[in-house]
Amino acid sequence: MAGDFSGKVAMVTGAGSGMGKATAILFAKRGAKVVVSDIDVKGGEDTVKQIKDAGGEASFVKCDVAKKEEVQALIKKTVELYGKLDCAYNNAGINSGIGTPTADYKEEDWDALQAVNLKAVFLCMKYELQQMLKQGNKCSIVNTSSVSGLSSHPVAPAYVSSKFGCVGLTKTAALEYAKTNVRINCVCPGPVYTALFYKVDEAIPGAAEAVKSIVPMGRAGQPEEVAECVLFLSSDEASFVTALAMTVDGGMAAM
Ligand code: NAD
């Protein structure tokens, strides 16, 4: 079956909500054993419950991806629980300070955002790669960037920079490991109906409504539509795909 993850182990960060939750659930539905990770215990445990209620296998591991020791412990725990790590989805992200132009943007907001959206992607990939290279089998890493990682827009200097950085980091690592069994890609979603999306609407009133005119399809996406793309990139069917920044945006990046 296309996208059969039976016998595989997947780990998803930010899996307590939104796209991470939808992707963890889809990995489990397609047969993977899933490590559901988040800083939010309630959200993460709810994802595990949904997976188990549907007959799947999952465990929750709390991790603040901005903390090196916690990321190292997350990978170690994944291997302790399920013996290996085949598919990693580095997805946790925040958009604090959005709505503020560069001259007014607080340094502490900049640091906090880069720690979660960019440095954490580096930390996760570093320890995932060490484990995957040791295993030697076919493995995949997918990161979450954004259409904001491909073209800029105002009043989100830290967010846009972090997502451009995520694309650069993804492509660099993909080239470094292209001759190994580890493929590395990222998804670049347009607006998607999640908690983060509604925070943008609070910070920039009218943002949710504006989606109808800025997205060619006239709507935001559903988390499950992004999850399907993450699973394709993670699957053996994508065996010749690496260093891709895949837009999942209803056509937005083409405008
Ligand atoms: P969401 O808020 O629903 O989910 C994000 C999850 O990340 C939450 O469960 C949160 O607890 C977790 N998280 C936050 N900080 C963390 C930390 N330090 N350590 C571990 N987990 C942490 O939002 P979402 O829209 O599903 O966001 C997922 C990713 O998609 C983010 O990287 C976001 O930037 C990106 N993105 C979102 C949109 C959109 O419109 N929703 C568009 C493009 C990209």
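**Figure 1. Glu209 and Lys212 within helix α7.** In this predicted model, the side chains of Glu209 and Lys212, which are three residues apart in helix α7 (residues 207–214), are separated by about one helical turn, and they meet in a salt bridge with an N to O distance of 3.3 Å. Glu209 is exposed, with a relative accessible area of 52%, and for Lys212, likewise exposed, the relative accessible area is 52%.

**Figure 2. The salt bridge between Lys8 and Asp236.** The structure holds 10 salt bridges, and one of them is formed by Lys8 and Asp236, whose closest N and O atoms are 2.9 Å apart. Lys8 lies in the segment before β1 (9–13), whereas Asp236 lies in the loop between α8 (223–234) and β7 (245–248), so the pair ties together parts of the chain that are 228 residues apart in sequence. The two partners can also be described by their accessibility: Lys8 is buried, with a relative accessible area of 13%, while Asp236, at 36% relative accessibility, counts as partly exposed.

**Figure 3. Asp46 and Lys21, a salt bridge between two helices.** The side chains of Asp46 and Lys21 meet in a salt bridge, with 2.6 Å from N to O. Asp46 belongs to helix α2 (residues 41–53) and Lys21 to helix α1 (residues 18–29), so that, at 25 residues apart, the pair links distant parts of the chain. Asp46 counts as partly exposed at 35% relative accessibility, whereas Lys21, at 16% relative accessibility, counts as buried.

Figure 4. The ligand is surrounded by 28 residues, of which the closest are Ser17, Asp38, Asn91, Tyr159 and Thr194. By residue class, this shell divides into 13 nonpolar, 11 polar and four charged residues. Helices α1, α5 (157–176) and α6 (195–203) each supply at least two residues of the shell around the ligand. Several pairs of polar atoms can be followed in this view: an oxygen atom of the ligand is 3.5 Å from a polar backbone atom of Gly18, a nitrogen atom of the ligand lies 2.9 Å from a polar side-chain atom of Asp64, and a polar side-chain atom of Lys163 lies 2.9 Å from an oxygen atom of the ligand. Taken alone, the ligand exposes 830 Å², and the protein buries 92% of that area.

**Figure 5. Gln114 in helix α4.** Gln114 has its place in helix α4 (residues 107–135) and is buried, with a relative accessible area of 12%. When residues up to four places away in sequence are not counted, Gln114 touches Lys119, Ala158, Ser161 and Ser162. For Gln114 and Ala66, which are 48 residues apart along the chain, the separation between the C-alpha atoms is 8.9 Å.

**Figure 6. Ser235 in the loop between α8 and β7.** Ser235 is found in the loop that runs between α8 and β7, and Asp236, the salt-bridge partner of Lys8, lies in the loop between α8 (223–234) and β7 (245–248) as well. At 3% relative accessibility, Ser235 counts as buried. The side chain of Ser235 makes a polar contact with the side chain of Glu237, at a distance of 3.2 Å. If its neighbours within four places in sequence are left aside, Ser235 is in contact with Gly3, Phe5 and Arg183.

**Figure 7. Gly221 in the loop between α7 and α8.** Gly221 is found in the loop between α7 and α8, where α7 is the helix that holds Glu209 and Lys212. Gly221 is buried, with a relative accessible area of 15%, and it touches Pro191, Val192 and Tyr193, again not counting residues up to four places away in sequence. The C-alpha atoms of Gly221 and Met125, which are 96 residues apart along the chain, are separated by 27 Å.

Technical notes
Residues are numbered from 1 along each chain as its sequence is written. This is a predicted model: local features need pLDDT of at least 70, side-chain atom pairs count only at pLDDT 80 or more; totals for chains, interfaces and linings use all residues. Side-chain values use heavy atoms; hydrogens and water are left out. A salt bridge is a side-chain nitrogen of Lys or Arg within 4 Å of a carboxyl oxygen of Asp or Glu. Helices (H or I, at least four residues) and strands (E, at least two) are DSSP runs, numbered from the N terminus. Buried means under 20% relative accessible area, exposed over 50%, partly exposed in between (1.4 Å probe, protein chains only). Contact means heavy atoms within 4.5 Å. A residue is near a molecule or strand if one of its heavy atoms lies within 4 Å of it. A polar contact is a pair of N or O atoms within 3.5 Å; within protein, one must be able to donate a hydrogen and the other to accept it, and residues adjacent in sequence count only if both atoms are side-chain atoms. Accessible areas come from the Shrake-Rupley method with a 1.4 Å probe; for residues, only the protein chains shown count as cover. Ala, Val, Leu, Ile, Met, Phe, Trp, Tyr, Cys and Pro count as nonpolar, Asp, Glu, Lys and Arg as charged, and the others, Gly among them, as polar.
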